[in-house]
Amino acid sequence: MTSPPPISLCVIAHREEKRIARCLEAARPAVAEMVVVVQEPDDPTIAIAEALGATVHRHPWEGYVAQKNVALAQATQPWVLSLDADEVLDEELALAIAAIDFDRSEGVQAFAARRVDYFIDRWLEHGEPGRQYPTRLFRAGQARWYGGFVHEQLEIDGEGERPRLPGRIRHYSNDSAHDFALKLSRYARLFVAQQVASGRKSPSLAEIWVRANARFIKSYLLRRGFRDGYAGLVHALWLKAYTYERYAGLREYARNPGWREEIDALLASHAEIDSVLLHGLDRLKTPGGKGRKQVG
């Protein structure tokens, strides 16, 4: 009998009972073990994950970065496949991972794969979502998560090869365009807080206008988001609105006492520890300082 690939699947989840099975079932043939980290003992995700053969660990919520690093610490295999609960390997990618000859991969540090988003009624093959190649398969003990307020990043030791695998990671991140808009609005607020913490100056009106329109042109025209039909148009328009909201919010910070108070409270509040204090605040680029290289 062929031994399973020496890979630990690591997933963090919170009330993901509607999506966790799809994630685990697709990855199970390509890994030797599955590790799921949850926050609460009564999370319905636990029973589903355990029924599918996953080892479940409970850890109090400390933020996305901390939680993902907790999951990495539970892995027992020499390689780690890190996925979110709303991500699913397609059959081609699962087979490609299972076929890797790890004994002959001395010079390889990690593997990347294309990720596509489901939006409204189709998979976005073009535009901004069509250019995602996150690094999700890497050597255990040689990588860790860090990040800004909005998105965590993977930091990998060494300069080995990082080839791209065939197949796709299918990302079911939004239930509707409305859900997408609400999420972007939350991200915009966190972006403002992050920029304030890093000493970013207030943008001019011209910069706001240029950035918002450039985002739309890049996604919809230059990256051919128009080829995704109505979904591509709506996605590009929301990215434009999101970019405007981010930089307009940063400009408003210097002019609106109420908004300034809200952002300052976000920076100081332990209730937001997941997206601020333990989501990479110590890694932020400071005025005159150096940022960190982002991977994936």
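These entries record what I looked up on cysteines and cavities in this predicted model.

**Basis.** I worked with a predicted model, in which local features need pLDDT of at least 70 and side-chain atom pairs count only at pLDDT 80 or more, while totals for chains, interfaces and linings use all residues. Residues are numbered from 1 along each chain as its sequence is written, and side-chain values use heavy atoms, with hydrogens and water left out.

**Cysteines.** I looked for disulfides (pairs of cysteine sulfur atoms within 2.5 Å) and found zero. I then checked burial, where buried means under 20% relative accessible area with a 1.4 Å probe and protein chains only. Cys10 is buried at 3%, and Cys23 is buried at 0%.

**Cavities.** I took a cavity as a set of points, on a 1 Å grid over the protein atoms alone, where a 1.4 Å probe fits but cannot get out; lining residues have an atom within 4 Å of a point. The structure holds three cavities of 30 Å³ or more, a volume being the space filled by probe spheres set on the points.

**Largest cavity.** I noted a volume of about 50 Å³. Strand 6 (110-119) gives the most to the lining, with three residues. By class, the lining has eleven nonpolar, no polar and one charged residues. Among the lining residues are Phe111, Arg136 and Ile169.

**Second largest cavity.** I recorded about 40 Å³ here. The lining has two nonpolar, six polar and two charged residues, and includes His126, Glu128, Asp228 and His235.

Notes:
Buried means under 20% relative accessible area, exposed over 50%, partly exposed in between (1.4 Å probe, protein chains only). On a 1 Å grid over the protein atoms alone, a cavity is a set of points where a 1.4 Å probe fits but cannot get out, and a pocket is an open set with protein on both sides within 12 Å along at least five of seven lines; lining residues have an atom within 4 Å of a point. Helices (H or I, at least four residues) and strands (E, at least two) are DSSP runs, numbered from the N terminus. Ala, Val, Leu, Ile, Met, Phe, Trp, Tyr, Cys and Pro count as nonpolar, Asp, Glu, Lys and Arg as charged, and the others, Gly among them, as polar.
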